[in-house]
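This briefing concerns the model shown below.

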Amino acid sequence: MKILVPFKSVPDPNDATVAGAAVSTPKSVINPFDEIAIEEALRIRERGEVSEVVGVTIGAPAVDEQIRAALAMGVDRAIRIDDSRALDPYAVARILGAVVEKEAPDVVIMGKQAVDDDSNQVGQMLAGLLGWPQATFVSKIEFLDNKTRARCTRETDAGLEVVEVDLPAIITTDLRLNEPRYVSLPGLMRARRKPIEVLNCDQLGVTVRPLTTVLSIARPPRRAAGTRVESIEELMAKLRQEAKVLSQYVF
Amino acid sequence: MDFAWSDQQRELLDAVGRFATQQLNYDVIENDREGVFNHDAWKKCGDFGIQGLLVPTDYGGLGTDPLTTVAALERLGYGCKDNGLLFSINAHMWTAIIPLVYNGSEAQKKKYLPGLSNGTLIGGNAMSEPNSGSDAFSLSTTVTKKNSKYILNGSKIFVTNGPIADLLVVFATVDKTRGPNGISAFLVEKNSPGMNVARKLEKMGLRTSPMAEVFFENCEVPVENLLGKEGGGAFLFTRSMTWERGCILASAVGSMQRLLERCIRYANERKQGGQSIGKYQLVASKIVDMKVRVESSRHMLYHYAWLSGRRKAVYLEAAMTKLYISDCWVKCCEDAIQIHGGYGYMTEYEVERELRDAIGSKLYSGTSEIQRNIVASMLGL
């Protein structure tokens, strides 16, 4: 049995670059939700329920650093789809669909979304393209019936929902599924001996073109400085008239 | 000299930096106050691969070269604020692992190095005595051989990791009048009959690194636990001390870098008299001095390690590196406190602890005065 884990390289959300100290440039890391997916796949393999965990990502050679991080965590082998275009979720799902056809995994586990664009679409689109069942926002995974089905606990606004899906299936991970392990130095050394297969869209037989175009990216406007008020009455008046967060008719 | 990192080195160093920043900084203030060693963080470092950096791969380590090793320890010191933990790791690496790697028999290496590499064993050494410190080879702990056992008698002080060590490298003499040539080294396991780890010593800084007095009263050591040759203890100690002097302040360079960045941040944020305090030349000047100290310290460190990796004689460079970085570290900590004003003096700001931790660096592994003696002697004085 085999698990495929697609993962994305994103700017490090924890990177605190200190202005003026010139100590670091913004670094890339594995998307944290995908890291949780990798961890879950490894734990399933360590329990003896699957024999292989394969990682796949899309990008230029620079993402090999994140691939090696995945291999260092314990992923058995990895595939990089060599494509440096800015791909939208549908294009990514199409490419991953072709990888799934090639690799024929029993389960695909991936992050529910990437922390750079927060699209939260690829898992669902991939399931749609493949015609596979999906369980999204998952915080617990168990295999049932001789590993022909998976019982997944989903985190929803209404509470925890338990669903069962037939395998093969797409499972997308939420934050509370697990805490990813730390890459150890011996793990890094071992990762250097693991294979990275490089493919392109032509070899996979897919032609993708973006359906969406990003027009611009801007920082949110800076918050104006606060003001000091003299009385409760003044505060209430400002909340009503300036901030417009209180109705005129309340109280 | 080429200090440009290969992709593999950079990957390793980045991993160490991330690990140290994210995994080791908890309960540091409380542990410092109470003098508590963080066993859990020690084990994390072992699992991660820190203690095994230099250990050859055949014995469970990573087999990194000296330059990569000190750079990794620098990243460790940058990320991890528990200087006591790092001091314990240093003592373990330079005074237990290095003598074993260089002088251990095959059986000794197989028995101890894997555990010392992954952190399941804690090591240290016992050299200083109440009446022999800087004049280390005048030690009085005696060894006699009796029925295929060595018998140790004497007392050792300032034994880093003493209260937690599973294995100590203990130095003793067959005959004090023979000076350095009478000294041998022994691997003594904890709970050996006749070994008594006495009171834990309270200290000014590095309080999370436990230190003790250790007494030997007819302590029996199996003959196979002689480390190196009989009478080879002084040579073994000098080699281990050269490594220690060269490398032990690698983490201090990281600590200085962290303090520098913190001071830059604070000097930009803190406003007095209508402007950032960093705009005042007296403050900026201190920060510039810090920057120059970090850079020059790093160069001393890398140069030493680069030479060491090429198997050059580094006795002089190790002493200069230790002397220079310890001085820079203490001055950086003083400046950092001064820049932070009253806040820097407060425990919760975690700057004052750095100064307390730094001051010991002018004392351990040979005082600054001893380092100067070494440099002077190497200059023909």
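A residue is termed buried if 20 or more other C-beta atoms lie within 10 Å of its own, exposed if 12 or fewer do, and partly exposed in between, with C-beta atoms placed from the backbone. By this criterion, buried residues make up 34% of the 251 residues in chain A. The model is predicted: local features need pLDDT of at least 70 and side-chain atom pairs count only at pLDDT 80 or more, whereas totals for chains, interfaces and linings use all residues. Residues are numbered from 1 along each chain as its sequence is written, and chains are lettered from A and ligands numbered from 1 in the order in which they are written.

**Overall form of chain A**

- Chain A has seven helices and eleven strands; helices (H or I, at least four residues) and strands (E, at least two) are DSSP runs, numbered from the N terminus.
- The C-alpha trace of chain A spans about 70 × 50 × 40 Å along its principal axes.
- Of the contacts in chain A between residues at least 6 apart in sequence, 67% join residues at least 24 apart; a contact requires C-beta atoms, placed from the backbone, to lie within 7 Å.

**The sheet of chain A**

- Nine strands of chain A form an open sheet of mixed pairing, in the order β9-β8-β7-β10-β6-β1-β4-β5-β11; two strands pair if DSSP finds at least two bridges between them.
- β9 (159–166) and β11 (196–199) of chain A stand at the edges with a single partner strand each, so one side of each has no neighbour in the sheet.
- From one strand to the next, the twist averages 30°.
- The pairing of β5(A) with β11(A) is parallel and extends over four bridges; within it, A:R80 has A:V198 of β11(A) as its bridge partner.

**Helices of chain A**

- α2(A) lies across β4, β5 and β11 of chain A and runs at about 165° to β5(A); axes are lines fitted to C-alpha atoms, for helices over the stretch in contact, and angles run from 0 to 180 degrees between N-to-C directions.
- α4(A) lies across β6, β7 (134–144) and β10 (169–173) of chain A, at about 65° to β7(A).
- α3 (residues 89–103) of chain A has 15 residues and reaches 21 Å from its first C-alpha to its last, close to the 21 Å expected; the expected span is 1.5 Å times one less than the number of residues.
- Among the buried residues of α3(A) are A:Y90, A:I95, A:L96 and A:V99, and the elements covering the buried residues include β1 (2–6), β5 (77–82) and α4 (122–130) of chain A.
- Just after α3(A), A:A104 adopts a positive phi of about 50°.

**Contact between chains A and B**

- Chain A contributes 13 residues and chain B contributes 13 residues to the contact.
- On the side of chain A that touches chain B, α2 (64–73) and α5 (185–191) of chain A each supply at least two residues, and the largest share, four residues, comes from α5(A).
- The residues on this side of chain A comprise nine nonpolar, two polar and two charged; Ala, Val, Leu, Ile, Met, Phe, Trp, Tyr, Cys and Pro count as nonpolar, Asp, Glu, Lys and Arg as charged, and the others, Gly among them, as polar.

**Domains of chain B**

- Chain B is divided into domain 1 (7–121), domain 2 (124–233) and domain 3 (249–378), with bounds from an automatic or database domain assignment.
- In chain B, 16 residues of domain 1 are in contact with 19 residues of domain 3.
- α4(B) gives the most to the side of domain 1 of chain B that touches domain 3 of chain B, with nine residues.

Definitions and conventions
Two residues are in contact if their C-beta atoms, placed from the backbone, lie within 7 Å.
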